[in-house]
Amino acid sequence: MTASIGVAMKRKEDPRFIRGRGRYLDDIVLPNMLYLALVHSPYPHARIKSIDKSKALALPGVKAVITGEDLDAAKLEWLPTFHGYDKQMVLAFGKALYQYQEVAGVVATSREIAEDGVELVEVEYEPLDPVVNPFQSKEDKIILRDDRESKTNHIYHWEVGDKEKTAAALDSSAVRIKERILSPRCHPAPLEPCGIVADMNKATGRLTVYMTSQAPHVHRTAFSLVTGIPEDKIHFISPDVGGGFGNKVPVYPGYVVATVASVIIGVPVKWVETRTENLTTTGFARDYHMDVEIGATNDGRVTALKVSTTADHGAFDAAADPRKYPAGLFGIVTGSYDFPTAFAEVDAYFTNKAPGGIAYRCSFRVTEASYAIERSMDILARKLDMDPAELRRRNFVAKDKFPYSSPLGFVYDSGDYEATLRKALDKIGYDSLRKEQAEKRKRGELMGIGISTFTEVVGAGPGKHFDILGIKMFDSAEIRIHPTGSGIVRAGTRHQGQGHETTYAQIVGEELGLDPQELLVEEGDTDTAPYGLGTYASRSTPVAGAALAMAARRIREKAKKIAAHLMEVSEADVEWSDYKFNVKGIPGKSVTMKDVAFAAYTNPPPATEPGLEATYYYDPPNMTFPNGAYVAVVDVDRDTGHVQVRRFLAVDDCGVVVNPMIVEGQIHGGLTEGFAMAFMQQIVYDDAGNHLNTNFTDYLVPTALETPHWETDRTVTPSPHHPIGAKGVGESPNVGSPQAFVNAVMDALAPLGVTHLDMPLTREKVWRAIREAEAKT
Ligand code: CDP
């Protein structure tokens, strides 16, 4: 197995080409189109006493005002959630449960008129006391959800592992650490917000939906289930959606209200949310308060891990998790380490905050888990007075233990953690950095080195374990080769800039010996693409990428018959090598896939179906376990608290690489997001439940100015069960990097006795920690 593919292309041109076409939602303007704007609650928790639409309806150009009561009358007021633990209100009905919650929709002939109409909708609220964090929620003094039978704010308890054995092991461990670690509420904040054009054609009875969707097929099914419109009468088109990062997986109220308006009025209705709507109402990420305990021997062998999490899910449990995994794949919390025993539990609560808990560039709570274990390993290293790299090395799952069964139920496919860490430490010059740090410490300077050796789990299914709305998490590919050897490749995924148009063409080109430049890749149109579960959680390459390779191999099987026919030999004498069909033992006697494609339509063997196409629905036998070793080097300004990231090296192992440049781009983007989470980003609510950072001047997104320079490298341990040995990569840098930054800053502050600070490590927070530490000494 090679380390990267693209050999077919290398013969002709630079393998690192990027292709792409695009149509953005903004470009979609249809005849007679109306526009939707939404009314939002100013209160985090309030009873809605009345809604007066009359002034808005009197405004010229306003065509309709829709409220929760209207939707309730049409039985469209509740949305199912993906995992089915809860349901979500479309428009606030009876009570508003978070600030900015959608209360009504105004449909008008222009966006501006719709927004003016919003100002004229008069809502009478009776403010109620809010519940602003899960610890307050736990007390059940204020019950938030009147609609639920059970009168508690507790949503679920989930646990995995051996509780008793872990408790006993912790009790008898020579060394123990315990820390509450917060993975703060943050937001994917795609630059392009969510939107929809719903177009109900009353003449044909067909609803066409252009929607910023990372999972168009699942959304079509959900729309059919909720509205009762047969699935064949619903056509989803996910245009180029801009950034997604998990934010465009859930169904949001604006989508539903626009669709209802179009169905009722019979013309297209467009809704594109504002920046503030995106930040305040759409799927947030994280918000896990994790109490982590690790036991170890005096020489630094871990003995047990216990993690108890209190999760803030906001007003509805709209977490985009598979049904059997209400806390996602949090069980990956043992990370890269060989814990003899472990136990993890999550208790989730409602609060007066926006709903969500989406997989922000993360395979369902893997970022939280990875942050918890990587921070804790550093805290343990400090307690043991051991180098954090050495502690990791002593506890890695050894290379010869794969496939490795973790104590929390995963079977890791492959990895060589030691080699990846070694590569990272050698490349960054770890030993000399430590010497430099020792010198600086003597002078009172604060320099830190932070390590993260994370393991991820990506590529859901298998279908037997994973489903969304009951639909098994497989994915699909369809390949049609035209007579002249070009072709069309379709998949059930939908990229949001990850470059599938390039990499999917490469996978198929490699399998078939065809020029990827002549393979058109299409995704996102439910009328043409095979059914798939979509693109999120780095599942595209592990699942749809595998489906593509398998569909191509199906084509190759048929092509072999045709090749034998063309060369007038028996099929058994034909072999596929060097991107063509050769006759065994007769050098030079060969035909290419292009020759075969032409023959498939012009001269197929007798009794053989003409044409050259195949479909494959791939249900993966297991997930893939990409991993990496990241090292951050920081200098902290003692006077100002400013953290300068001097170097950052990411060594990733995502198995066989399809396209090195695309992988590098994925890593650069994810590291930039990890940097933002570590230093800048947190959705902040005040004690009254008001959302304080509702735009990009208050919720910060890094620009090129503050983003560090990224260094990258890789190791390759192919996934043994994936047809081309690839693992996912898109989320690795987001999952793996925040803890490297935080570990580096904590390492810098170690001489001051600071052991842990929660993200984001803003200049003020670091400055205060330094001042407080100095005051103590
Ligand atoms: O599901 P998503 O596309 O977000 O994530 P992914 O499967 O990790 O892929 C992100 C991009 O990196 C895609 O274009 C992949 O084909 C590419 N990739 C690659 O070239 N080699 C890998 N081993 C993994 C991903």
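1. An oxygen atom of the ligand sits 2.6 Å from a polar backbone atom of Q498. The ligand also has an oxygen atom 2.7 Å from a polar side-chain atom of H500. At N659, a polar backbone atom lies 2.9 Å from an oxygen atom of the ligand. The protein covers 98% of the 510 Å² of accessible area that the ligand has on its own (Shrake-Rupley method, 1.4 Å probe).

2. This is a predicted model: local features need pLDDT of at least 70, side-chain atom pairs count only at pLDDT 80 or more, and totals for chains, interfaces and linings use all residues. Numbering runs from 1 along each chain as its sequence is written, and side-chain values use heavy atoms, without hydrogens and water.

3. The ligand is surrounded by 23 residues (a heavy atom within 4 Å). Q498, H500, S540, T541 and V729 are the closest. By type, the shell has nine nonpolar, twelve polar and two charged residues; Gly counts as polar.

4. Helices α14 (500-512), α15 (540-567) and α17 (660-679) each give two or more residues to the shell (DSSP runs of H or I, at least four residues). Domain 2 (284-460 + 622-776) and domain 3 (475-618) each supply at least three. The domain bounds come from an automatic or database assignment.

5. There are zero disulfides (cysteine sulfur atoms within 2.5 Å). For C194, the closest cysteine sulfur is in C186, 16 Å away and too far for a bond. For C362, the closest is also in C186, at 9.7 Å, again too far. C194 is buried at 0% relative accessibility (buried means under 20%, with a 1.4 Å probe and protein chains only). C362 is buried at 1%.

Methods. Polar contact = N/O pair within 3.5 Å; in protein donor to acceptor, adjacent residues only side chain to side chain. Buried < 20%, exposed > 50% of the residue type's maximum accessible area, 1.4 Å probe, protein only.
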